[in-house]
Amino acid sequence: MTSSKAARMIRVDQAGEFGATRIYAGQLAVMGARAPHSTEIAGMAEQEAEHQARFDAMLAERGVRPTLLQPVWSVAGYALGAATALIGPEAAMACTAAIETEIDRHYTEQIEDLGDEDPELGGVISKFRDEEREHRDAALAAGAEKAPGYPILFNAIRLGCRVAIKLSERI
């Protein structure tokens with residue numbers, strides 16, 4: 001039996017990984033395969049799809065309902081990805097840096113909150129957190145901080161991410 005705490009974690013994490021795949025889909029739709037960093041983005045998108053598939057499986061295995069906001073996150077994620085890519089490659093990377101910074105914080109809090117309560121879930125979250133940190137570091141190395149209006153863009157995206165997390169945990 002999955003605790004309500006674990007169910008909320010799985011629900012929100014699946015929603016976040018789904019949103020990440022939609023962001024990268026929007027970025028790649030605008031940037032195409034030849035733009036700066038598009039190969040890196042495609043690789044990150046593939047990893048996010050693997051994360052989503054694992055959380056999809058956990059939803060099914062543990063009888064956890066997905067967030068009812070998934071259609072909203074589909075449109076919002078794609079739009080965010082497309083918009084940041086339209087600004088330029090550095091803005092696309094700034095989007096990744098912001099989201100992965102927030103996800104690192106979020107996953108770390110979840111790991112601490114879980115403790116030894118659910119080793120399987122804790123292990124999955126820990127592994128994915130490490131991979132998200134790699135995405136953040138790659139985005140920063142690719143010039144995220146050179147994006148126009150970086151501090152505003154970075155913090156606005158982080159705030160949006162926090163709101164999405166809070167809503168998806170419950171709805």
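Helix 3 is followed by Gly88, whose phi is positive, near 145 degrees; helices here are DSSP runs of H or I with at least four residues, numbered from the N terminus. The structure is a predicted model, in which local features need pLDDT of at least 70, side-chain atom pairs count only at pLDDT 80 or more, and totals for chains, interfaces and linings use all residues. Residues are numbered from 1 along each chain as its sequence is written, and side-chain values use heavy atoms, with hydrogens and water left out.

**Helix 3**

Helix 3 has 18 residues and reaches 26 Å from its first C-alpha to its last, close to the 26 Å expected at 1.5 Å a residue; the expected span is 1.5 Å times one less than the number of residues. Its buried residues (under 20% relative accessible area, with exposed meaning over 50%, for a 1.4 Å probe and protein chains only) are Gln70, Trp73, Ser74, Gly77, Gly81, Ala82, Thr84 and Ala85. Seen down the helix axis, these buried residues fall within an arc of 170 degrees, so they line one face of helix 3; the arc is taken from the directions from the axis to the C-beta atoms. The face turned away from the buried side carries the exposed residues Pro71, Val75 and Leu86. The buried residues of helix 3 pack against helix 1, helix 4 and helix 6, where contact means heavy atoms within 4.5 Å.

**Helix 1**

Helix 1 is followed by Gly32, whose phi is positive, near 70 degrees.

**Pockets**

A pocket is an open set of points on a 1 Å grid over the protein atoms alone, where a 1.4 Å probe fits, with protein on both sides within 12 Å along at least five of seven lines; lining residues have an atom within 4 Å of a point. Grid points are joined across faces, edges and corners, and a volume is the space filled by probe spheres set on the points.

| Largest pocket | about 470 Å³ | 26 residues |

Closest to the centre of the largest pocket are Gly16, Gly19, Ile23, Cys161 and Ala164. Helix 1 gives the largest share of this lining, 8 residues. The lining of the largest pocket divides into 15 nonpolar, 6 polar and 5 charged residues, whereas that of the second largest pocket has 2 nonpolar, 2 polar and 9 charged. Nonpolar covers Ala, Val, Leu, Ile, Met, Phe, Trp, Tyr, Cys and Pro, charged covers Asp, Glu, Lys and Arg, and the others, Gly among them, are polar.

Key:
Helix = DSSP H or I, 4+ residues; strand = E, 2+ residues; numbered from the N terminus.
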